[in-house]
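Subject: Structure for your review

Dear colleague,

Please find below the structure that I am handing over to you. My findings follow it, and I would be grateful if you would read them alongside the sequence and the coordinates.

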Amino acid sequence: TKAMLPDNVKDGEAWSGPIKKIVSPLSDKILKSNKDVIKDIATGKVESCDTYYPVLCLDGIEDYKHCASKCDTDVGEEVGVDCGRVGLITCDKDSGECPGFFQNGASLHDDYISGGVCLVLSLFLLFVCLMA
């Protein structure tokens, strides 16, 4: 990996490799995890994942603005009226798009199934690549 590192990167400095730059945008089109769920449960802000369900997109439009934008509780914004709600699978803030396995109205069980399908597909593709 030292040969792949640019000269201006120092020891211990964060660096994103070329494989990550290629694979990350592609994987974000298929499935993007909501890291806020993990943080909120770990810090005790919420007790379970059930707080994030059902997934709710304003006006039925599946994009970041209508599904995953945060509510400003200080102003009195309300989920379902002023902002949407996403579960374990979220939309991409940079592109504004939702991944292929995102569903408006999804339940926790639906997101579990989507994650399982992605896991099986990725293991299959890994196996195919190793066999080739």
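Accessible areas here come from the Shrake-Rupley method with a 1.4 Å probe. On that basis the chain exposes about 9,400 Å², and carbon and sulfur atoms supply 60% of this area. Please note that this is a predicted model.

Overall architecture

The chain contains four helices and zero strands, so that its pattern along the sequence reads α-α-α-α. Of its 132 residues, 26% count as buried. Among the contacts with a separation of 6 or more, 58% are between residues 24 or more positions apart.

The loop between α2 and α3

The peptide bond from Y53 to P54 is cis, its omega being near 0 degrees. P54 belongs to the loop between α2 (35-42) and α3. The loop between α2 and α3 also holds D59, a residue that has a positive phi of about 55 degrees although it is not a glycine. Is D59 buried or exposed? With a relative accessibility of 72%, D59 counts as exposed, because the cut-off for that class is over 50%.

The negative patch

Which residues form the negative surface patch? The patch is made up of D72, D74, E77, E78 and D82. One of these, D74, is found in the loop between α3 (64-67) and α4 (108-131). D74 has a relative accessible area of 75% and is therefore exposed, as the class requires a value over 50%.

The nonpolar patch

A nonpolar patch is also present on the surface, formed by F124, L125, F127, V128 and M131. Together these residues have about 550 Å² of accessible area. M131, one of the members, lies in helix α4. Why does M131 count as exposed? The reason is its relative accessibility of 60%, which falls in the class defined as over 50%.

Yours sincerely,

A colleague

Technical notes: Residues are numbered from 1 along each chain as its sequence is written. This is a predicted model: local features need pLDDT of at least 70, side-chain atom pairs count only at pLDDT 80 or more; totals for chains, interfaces and linings use all residues. Side-chain values use heavy atoms; hydrogens and water are left out. Patches are made of residues with over 30% relative accessible area and no salt bridge: like charges are joined within 9 Å, nonpolar side chains (Val, Leu, Ile, Met, Phe, Trp, Tyr) within 5 Å. A salt bridge is a side-chain nitrogen of Lys or Arg within 4 Å of a carboxyl oxygen of Asp or Glu. Lys and Arg count as positive and Asp and Glu as negative; His and the chain ends are not counted. The place of a charge is taken as NZ of Lys, CZ of Arg, CG of Asp or CD of Glu. Helices (H or I, at least four residues) and strands (E, at least two) are DSSP runs, numbered from the N terminus. Buried means under 20% relative accessible area, exposed over 50%, partly exposed in between (1.4 Å probe, protein chains only). Contact means heavy atoms within 4.5 Å.
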